[in-house]
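Here is a short report on one protein chain. Keep the sequence and the structure side by side while reading.

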Amino acid sequence: MPIERPSDSSLIIGVAASTAERVHLARLLGGADALLLVSNADQARAFLELTGVTVAPSAAIGATAAVPKVPTVAAAAERRMQAVREPEPVAELRLDVDRRVVRWKDREMPLTRLEHDFLHCLVAEPGRIWTYQRLHHAVWGNEHLGHGSHIHSVVKRLRQKLTNLGATVTIHAVRGVGFHLLPTT
């Protein structure tokens, strides 16, 4: 089933001075069609001007300010989203919720509860990037992220199981943000 996206994409620009704040914004806004994170308003202004949008030097660019549409960036983001909506190989991956089994064509593999819940998130919306925070909340049921080794452990086991099934999909990492399910390259 294809993911429904609005035909009109918007660019969200997040301005945060520190890396930690930008990571936090990425986690909060990970589902956005197009997201640009910069460390100051001048960088945001320079990006907008590079794409043909003129911004007055005194214009306030903040969390509540309206960000003008940037057709070239939005169109590129929409093309990327089209490419990852539900690629054919992803559509062939099935998850048996009752038995906690992942199925690829005529083969199946049992899953632990954590593996099942993690993969269920990714299969429900193929191509969508699930942030560490969202995955942690959906799978472990709390907000504690810790150092993330438990998430990476589940991903490692799931990747191995998908490989053992002969699946042509895998879990791709988006560095510093989270994971999504895509065809293997």
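A residue counts as buried at under 20% relative accessible area, as exposed at over 50%, and as partly exposed in between, with a 1.4 Å probe and only protein chains considered. By that rule, buried residues make up 39% of the 185 residues in the protein chain.

The model is predicted, so local features need pLDDT of at least 70 and side-chain atom pairs count only at pLDDT 80 or more, while totals for chains, interfaces and linings use all residues. Residues are numbered from 1 along each chain as its sequence is written, and side-chain values use heavy atoms, with hydrogens and water left out.

## Overall make-up

The protein chain holds seven helices and eight strands. These are DSSP runs, numbered from the N terminus: helices are H or I with at least four residues, strands are E with at least two. The protein chain exposes about 10,300 Å², and carbon and sulfur atoms supply 55% of that area. Accessible areas come from the Shrake-Rupley method with a 1.4 Å probe; for residues, only the protein chains shown count as cover. Contact means heavy atoms within 4.5 Å. Among contacts between residues at least 6 apart in sequence, 50% join residues at least 24 apart.

Strands of a sheet pair through backbone hydrogen bonds, either parallel or antiparallel. Here, two strands pair if DSSP finds at least two bridges between them. Four bridges join β4 (residues 101–104) to β5. In this pairing, W104 stands opposite R107 of β5.

Axes are lines fitted to C-alpha atoms, for helices over the stretch in contact, and angles run from 0 to 180 degrees between N-to-C directions.

L95 and L119 are 24 residues apart in sequence, and their C-alpha atoms are 8.2 Å apart. L95 counts as buried because its relative accessibility is 17%.

Two loop residues have positive phi. R100 has a phi of about 55 degrees although it is not a glycine. R100 sits in the loop between β3 and β4 and, at 36% relative accessibility, counts as partly exposed. K105, also not a glycine, has a phi near 55 degrees. K105 sits in the loop between β4 and β5. At 54% relative accessibility, K105 counts as exposed.

## The β6-β8-β7 sheet

Another open sheet has three strands in the order β6-β8-β7, again antiparallel. At its edges stand β6 (130–131) and β7 (169–174); each has a single partner strand, so one side of each lacks a neighbour in the sheet. Six bridges pair β7 with β8 (residues 178–183) in the antiparallel sense. V169 stands opposite P183 in β8. Helix α7 packs on this sheet too, touching β7 and β8, and its direction makes about 155 degrees with that of β7.

## Aromatic contacts

The structure holds two aromatic pairs. Rings of Phe, Tyr and Trp (its six-membered ring) pair if their centres lie within 6.5 Å; planes under 30 degrees apart count as stacked, over 60 as edge-to-face and the rest as tilted.

| Pair | Centre distance | Plane angle | Class |
|---|---|---|---|
| F118 and F179 | 6.0 Å | 65 degrees | edge-to-face |
| Y132 and F179 | 5.5 Å | 85 degrees | edge-to-face |

F118 in helix α5 and F179 in strand β8 are 61 residues apart. Y132 lies in helix α6 (residues 132–140), 47 residues from F179. F118 and F179 are buried, and Y132 is buried as well. F118, Y132 and F179 form one aromatic cluster.

A charge also sits over a ring: R128 lies over the face of W130, at 4.4 Å from the ring centre. This label requires NZ of Lys or CZ of Arg within 6 Å of the ring centre and within 35 degrees of the ring normal.
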